[in-house]
Amino acid sequence: MSEMTDVLEELRLHKQEQLLVHFDDLDAKEKQNLLNDIKNVDFGHLEDIRKRSNELSKSRQSGRLDKFMEPIPSEQFGSIARGSAQDKLKWEKAGLECIAEGKVAVLVLAGGQGTRLGVPYPKGMYDVGLPSGKSLYQIKAERIKRLQDLAFERTGKHGIITWYIMTSEATMGQTRDYFKDNNYFGLSENNVKFFEQFTLPCIDFDGKILLANKHKIACAPDGNGGLYKALTRRKVLDDMERRGIECTHVHCVDNILTKTADPVFIGFCRLMKADCGAKVVEKTEPNEAVGVICKVDGVCQAVEYSEISSATASKKDNSGTRLMFNAGNICNHFFSTDFLKNVCSAHKELPHHVAKKKIPHVNRKGEVVRPTTPNGMKMEKFVFDVFQYAKHFVVFEVPREDEFSPLKNAEGATSCGPLQSRWSLASLHHRRIVSAGGSIVDSDGNEIPPLIGVESHEGEYPVVCEISPLLSYDGEGLAKYCHNVKFQSPVILDKDLVNRNGNA
């Protein structure tokens, strides 16, 4: 049988003949590209995924999990706010020792394009408008560099933090080129590793696969939970084992406040002998659109906010002051290498979740359609669906104002936009200066107090304030430059202690 005959038979069997509707319009190269695309689709598996994803969505409709939910037990729960200063020092020391021994990796989930930001490049390359002009990637790179130096200062051992970046097919080329063009922001090229997640075809609500153009199937990344397949197929786990890496800090690229390879979090997890851990922020509003980490029928997992009824979301704990289910999931995780090896094994198949999306495509008339309402589905895995396999799972609560400000939307958005990212970072750095004994004053010498909570304020942060990660990872060492110093905006502190206002 010819190649074309095989393809036609496969398409008819699975009722996907629409993929060849423009075949006669294509040149020889385009025809072969489309045939290759079609041959790479496991139609039976795709249909099975679609059915199971729809069944999962129905089974997890709002309120269906309520009666099985219970909070994470206190013995599995740590907190910056409720822990002592001694606890934090103990956790940090353990984490820095682990870093100094080269046992820590960072893995950034960076498959997203800058579509919602309105830019034609990956999110990590985005400049939110800081005085320094640094992108999200540069900020993370400098935090890693400073943390390696800090571990050396505290332990006398110079360990390397290997940085793994999971891209998508759409973001791989630009991301690689960006790092190369910027000399890896001072890190060694050998210690920055890129790997690509896999994709799945996009389908309409009738299960028909969409065409991106006349000669290419529309595909989308398989979600951040596609990490585990990619770790194995792209040989990332093998690289971790060769390097002696024992634990990995996994987080999304878009949070400007992420403490990359946070030694306090890592130390807490290590001392708790955890194989899997999750950072959370306190959820204070029942209807906040963030999932919660809890136990469901005795198993630790993340439950999406849409899966919880308003009555359960509003329940208070025994104190009567905090929500019972308050551990807000921010996609910031600790995994031991042994745990990753376990969940990446063949028998650990994670569910796919249905995401209704506006999917650009070519219709039967050959017209490019850019829908304004959802017209199809992408089927995604979630990175946190592996919690169920943990033998020693822990949760670590951190202050929202210090560690969570995700970038999702374009300039002008009322939430999760560049303004909110700038605001959050300026607030954090202002507070660090005050903690170090300094202050920021107006032209009359009156102190300007730090503000917290971008949601309660409009416009830009009242002062321009930025501290380079190369100077201080988490406020350490600032006292010798800030104590009893009165700064005026703009306050720009970098490694060479250049302050644009001349006051440092």
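**Burial, contacts and a crossover in a predicted model**

Mentor: At the start of helix α2 in this predicted model, a side-chain oxygen of aspartate 27 comes to within 3.2 Å of the backbone nitrogen of lysine 29.

Trainee: What is the span of α2, and how does it compare with the expected value?

Mentor: The 12 residues of α2 (residues 28-39) reach 17 Å from first C-alpha to last, close to the 16 Å expected at 1.5 Å a residue.

Trainee: What places the buried residues of α2 on the same side?

Mentor: The buried residues are Leu34, Leu35, Asp37 and Ile38. They lie on the same side of α2 because they cover an arc of only 155° around the axis. Their cover includes α1 (3-13), α3 (43-59), β8 (211-213) and β9 (216-217). The face turned away from this buried side carries the exposed residues Ala28 and Lys29.

Trainee: Why is aspartate 254 called buried?

Mentor: Buried means under 20% relative accessible area; aspartate 254 has 6%, and is therefore buried. This residue lies in the loop between β11 (247-252) and α9 (263-271).

Trainee: What makes the pairing of aspartate 254 with lysine 408 a polar contact?

Mentor: The cut-off is 3.5 Å between N or O atoms, and the side chains of aspartate 254 and lysine 408 meet at 2.8 Å. Beyond four places in sequence, aspartate 254 is also in contact with residues including Lys123, Leu136 and Ser405.

Trainee: How do you know that β4 and β5 pair?

Mentor: Pairing requires at least two bridges, and 5 join β4 (residues 162-167) to β5 (residues 192-196), which run parallel. The chain crosses from β4 through helix α6 (residues 172-181) to β5, a right-handed β-α-β crossover.

Note on methods: Residues are numbered from 1 along each chain as its sequence is written. This is a predicted model: local features need pLDDT of at least 70, side-chain atom pairs count only at pLDDT 80 or more; totals for chains, interfaces and linings use all residues. Side-chain values use heavy atoms; hydrogens and water are left out. Helices (H or I, at least four residues) and strands (E, at least two) are DSSP runs, numbered from the N terminus. A crossover is right-handed if, with the strands pointing away from the viewer, the path from the first strand over the helix to the second runs clockwise. The expected span of a helix is 1.5 Å times one less than its number of residues. Buried means under 20% relative accessible area, exposed over 50%, partly exposed in between (1.4 Å probe, protein chains only). The arc is that of the directions from the helix axis to the C-beta atoms. Contact means heavy atoms within 4.5 Å. A polar contact is a pair of N or O atoms within 3.5 Å; within protein, one must be able to donate a hydrogen and the other to accept it, and residues adjacent in sequence count only if both atoms are side-chain atoms.
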